[in-house]
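Subject: Structure for you to look at

Hello,

Here is the structure I promised to pass on. Please open it next to this email, and my notes follow below.

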Amino acid sequence: MRIDEFYKPGEMTSPFFTLHSEAGSLLRRGTINFAKREGRVSSLPTPNFLAHTVRGSVPHLTSDNLELVPVDSLQISAEHFYEQKEPAGLSYPHGLHSYLNANKYLLFLDTRDPSKHAPSSANTEKYLSVNTHGGVRKITPELWCRMISQYKPDFYAVIADVLSDTEPGNKRVRKSVDRTIRWMDECLERTKDLDIPVFATLVGSQFEQERIRSAQEAAQRKVSGFVVSGLGFGNQALDLIKISLKELPEDKPRITYGFSSPESVLEAVSSGIDLFDSAYVSKMTDKGRALTFEFGNEEDETADKHGSKAPKSINLWDPSFADDFTPLKKGCKCYSCITPHSRGYIHHLLNAHEMLGLVLLMSHNIYQYTNFFESIRQSIDGKTFEESKTRFMENYSHEVESDGAQGHEDEVDANSLGVPMKKKRTLLL
Amino acid sequence: KSALTFEAVAKCSTTKARTALLTLPHGPVNLPVFMPVGTQGTLKGMTPKQVEDSNCQIMLNNTYHLGLKPGQELLDKVGGTHKFQSWNRNILTDSGGFQMVSLLKLAEITEQGVQFASPHDGSLMMLTPEHSMSLQNSIGSDIMMQLDDVISSLTTGPRVEEAMWRSIRWLDRCIAAHQRPHDQNLFAIIQGGLDPELRRKCVDEMVKRDTPGYAIGGLSGGEEKDQFWRIVSLCTDLLPKNKPIYCMGVGYAEDLVVCVALGVHMFDCVFPTRTARFGNALTMKGTLSLKSGRFAEDYEPIEEGCSCLACTKYTRSYIHLLTTKDTVGCHLISLHNVAFQLRLMGEMRAAIEKDEFPQWIQQFFAGYFKEKAKYPPWAVNALRSVGVDLLA
Ligand SMILES: [Zn+2]
Ligand SMILES: [Zn+2]
């Protein structure tokens with residue numbers, strides 16, 4: 001840690017972001033420091049993730065179940081709250097933490113849901129157009145700032161004209177950069193008295209010059225950090241993001257979207273990203289999969305030692321788990337694994353279409369994801385990150401974890417309900 | 001031949017309401033009790049820890065569903081449903097017969113058992129009293145129900161008497177087939193339709209079998225409520241006072257209050273958790289449909305004074321935002337509805353123990369229905385029969 005950054009004479013509070021790694025290093029360890037508030041963590045070690053939420057809750061987990069997982073920060077998508085005429089809770093006087101019963105968490109508020117990349121580019125000069133459950137809503141800079149001042153998140157990103165077309169034209173992209181800068185200036189002006197750290201969103205789509213322009217303009221503003229999205233760019237995403245990152249000051253944190261699978265997290269960490277979304281966890285849970293991979297553990301038992309690559313997760317829909325009465329992952333300390341709820345029981349819950357199956361999978365998966373990030377930080381501290389990353393890439397299979405609920409046939413043991421009356425006599429129903 | 005103890009605690013000096021402590025193989029149950037229904041070995045999205053935290057002492061599993069998934073072989077392998085679902089408190093299972101008759105095509109009852117078309121391939125199968133016992137022994141429930149001859153409560157004529165006698169014969173077969181009487185309790189089910197004479201005979205015969213507890217069966221099938229309560233009241237008069245009495249499928253608040261006043265100890269119903277999925281929250285002042293837009297800016301808890309997670313930590317407005325869209329919304333209302341049912345029972349037990357039950361009933365009806373004109377006449381009649389005049 002560089003002492004001069006951590007403590008500046010005459011200033012009682014530490015800077016928003018403290019970088020612990022050497023200057024110039026792409027691989028970063030840092031700490032984001034927040035104002036101290038009763039009952040809430042005030043610092044967030046990086047690299048880390050913002051837990052993905054839907055309408056302010058981690059999918060399937062009520063707050064008591066979420067409390068059993070060592071999660072520190074939540075990613076809140078404003079679009080989820082704007083399904084009716086007025087954004088939900090906008091007239092609630094005690095802020096979003098209390099509205100969501102999320103007092104112990106650091107809340108990051110952005111506009112769009114990073115787990116989906118739905119085309120909605122019908123933005124105009126005056127407003128951002130958002131396609132919600134309740135229909136298309138218009139978010140103006142004015143409304144956005146009203147939401148920030150009512151919700152009082154711990155940090156937030158200003159609205160931006162993010163394009164979701166795959167290959168927008170040069171003219172449209174230039175307009176998106178201009179508009180994003182203008183909205184940023186308007187929002188910064190409107191919220192300057194709130195004293196909430198604000199992040200700028202970088203745009204520029206696939207055009208190098210526009211990405212550079214967007215990043216440079218944002219870097220000149222009084223912002224605390226940056227959001228740079230890789231959503232919608234497929235294999236080019238990391239290269240495009242690197243173009244933006246080059247223009248940014250080192251001493252401010254960077255959030256990215258669309259890099260939540262373990263492999264892409266590791267690549268993006270190597271490239272200097274500090275915070276991630278956890279859409280991967282929500283996606284794996286919905287497929288009925290439990291995360292089993294490990295990072296940086298020499299005695300990793302999940303990885304096969306005999307050459308063949310180990311899967312990163314297991315598919316609980318697979319009937320072979322029906323009579324497996326061991327926990328999802330040996331040694332895991334999550335609620336599901338210590339109770340223990342067995343793989344066989346969770347398989348049954350999925351098979352019986354019972355909601356508890358997803359509750360148990362989500363609480364395990366998000367627990368494992370926090371472990372993953374903890375291991376990444378430890379390996380950076382211990383200077384073994386690159387080594388562990390190489391081993392991870394060698395040990396695990398990197399094919400898409402595609403199988404899940406698809407093609408599932410209900411398993412029923414109809415014979416245990418009684419005795420067949422006459423063999424082979426089948427009634428036509 | 002009994003794996004329970006029953007200790008009377010208090011008796012209302014006006015009505016027939018009683019409190020008792022029932023001790024089952026997996027711990028104590030304070031009576032009267034409401035048992036939430038965890039059909040497939042799980043209570044609608046709640047973790048066993050959450051169910052335990054709500055002070056639930058016993059829940060219901062359905063034999064038919066567990067027989068189908070995960071199946072008997074697997075239940076034997078894992079050592080029963082308590083272990084399977086990590087629930088260390090009590091479980092009651094039904095016989096499976098009722099669900100077959102109501103869910104399956106071609107279900108038909110013969111002397112041998114319930115004949116039905118396999119939900120798997122349509123082939124003809126038979127659930128016998130012996131098989132029902134074997135399945136419930138594999139499940140390992142603390143209270144198991146006999147297979148009975150289920151008929152609609154609207155059935156009349158000789159079929160009612162036939163079903164009553166057959167249920168008695170099947171009870172004998174169940175008792176003979178029961179492999180674990182030392183750690184599982186088999187309850188008899190009183191049949192006899194709406195005919196008091198048949199009910200009387202059935203109670204006589206079944207009491208001779210001296211089972212650890214009794215259920216009042218064959219009701220809640222669309223009969224007039226005025227007939228329903230009369231049969232319940234007749235059965236509680238005739239049944240022994242030192243054993244638990246269970247009224248199957250009853251769960252609406254006003255029904256629970258009336259049946260407790262008539263002397264019933266145990267109830268179950270899918271309604272509280274099922275209705276939660278549609279956004280309906282139960283309260284002492286009636287049901288709130290949280291889907292309704294009028295809750296969008298309502299920052300009050302679902303019910304003031306409720307100690308559940310939904311009421312202590314969340315507003316109606318936020319639950320309105322989630323309800324019928326996210327599972328979390330459903331979980332929160334389920335948590336509340338289960339807490340509501342258990343609180344209702346707890347309040348009744350406390351009132352009986354203080355011998356203030358009649359006053360409590362008056363207060364409950366006033367809060368729940370708001371005006372006397374809206375009190376259901378059958379409930380007024382039923383309570384009048386045990387000395388509580390709601391309209392006074
Ligand atoms: Zn786990
Ligand atoms: Zn409540």
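Four donors count as tetrahedral if all angles lie between 85 and 135 degrees. Donors here are N, O and S atoms within 2.8 Å of the metal (3.2 Å for Na, K and Ca); water is not among the atoms, so sites may look incomplete. One pair links distant parts of the chain: A:Cys337 sits in helix H10 (residues 335–338) of chain A and A:His364 in helix H12 (residues 356–381) of chain A, 27 residues apart. Helices (H or I, at least four residues) and strands (E, at least two) are DSSP runs, numbered from the N terminus. Both A:Cys337 and A:His364 are buried. Buried means under 20% relative accessible area, exposed over 50%, and partly exposed in between (1.4 Å probe, protein chains only).

A word on the source. This is a predicted model: local features need pLDDT of at least 70, side-chain atom pairs count only at pLDDT 80 or more, and totals for chains, interfaces and linings use all residues. Residues are numbered from 1 along each chain as its sequence is written, chains are lettered from A and ligands numbered from 1 in the order in which they are written, and side-chain values use heavy atoms, with hydrogens and water left out.

Now the zinc ion in chain B. Which residues coordinate the zinc ion (ligand 2)? They are B:Cys306 (SG), B:Cys308 (SG), B:Cys311 (SG) and B:His336 (ND1), at 2.1 to 2.3 Å. The spacing of these donors is C-x1-C-x2-C-x24-H. This arrangement is tetrahedral because the four donor atoms subtend angles of 97 to 119°. B:Cys308 and B:Cys311 are both buried.

Next, the interface. Chain B brings 62 residues to the contact and chain A brings 61 residues. Contact means heavy atoms within 4.5 Å. About 5200 Å² is buried between the two chains, and carbon and sulfur atoms give 62% of that area. Buried area is the accessible area (1.4 Å probe) that two parts lose on being put together, summed over both. B:Lys69, B:Leu124 and B:Tyr318 supply 12% of the area that chain B buries against chain A, more than any other three residues.

Leaving aside neighbours within four places in sequence, B:Asp326 is in contact with A:Val54 and A:Arg55.

On to the strands. Two strands pair if DSSP finds at least two bridges between them. In chain B, strand E1 (residues 5–11) and strand E2 pair in the antiparallel sense over six bridges. They form a hairpin with six residues between them. B:Phe6 stands opposite B:Leu22 in E2(B). E2(B) also pairs with strand E3 (residues 27–31), antiparallel over five bridges. This hairpin has two residues between its strands. Here B:Leu24 stands opposite B:Gly27. Strand E2 (residues 18–24) of chain B is mostly covered, with five of its seven residues buried.

Chain A has an open sheet of three strands in the order E1-E2-E3, with antiparallel pairing. Its edge strands are E1 (17–19) and E3 (43–46), each pairing on one side only. Four bridges join strand E2 (residues 30–33) of chain A to E3(A). One bridge partner pair is A:Asn33 and A:Ser43.

Elsewhere in chain A, strand E11 (residues 225–229) runs parallel to E12(A), joined by four bridges. A:Val227 stands opposite A:Ile255. Strand E12 (residues 254–257) is covered on both faces: A:Arg254 and A:Thr256 on one side, and A:Ile255 and A:Tyr257 on the other, are all buried.

Last, helix H16 (residues 377–385) of chain B. Its buried residues are B:Trp378, B:Ala379, B:Val380, B:Ala382 and B:Leu383. They pack against helices H9 (225–238), H10 (253–261) and H15 (357–369) of chain B.

Best wishes

Methods:
Four donors count as tetrahedral if all angles lie between 85 and 135 degrees; four count as square planar and six as octahedral if opposite donors are over 155 degrees apart and all others between 65 and 115; anything else is irregular.
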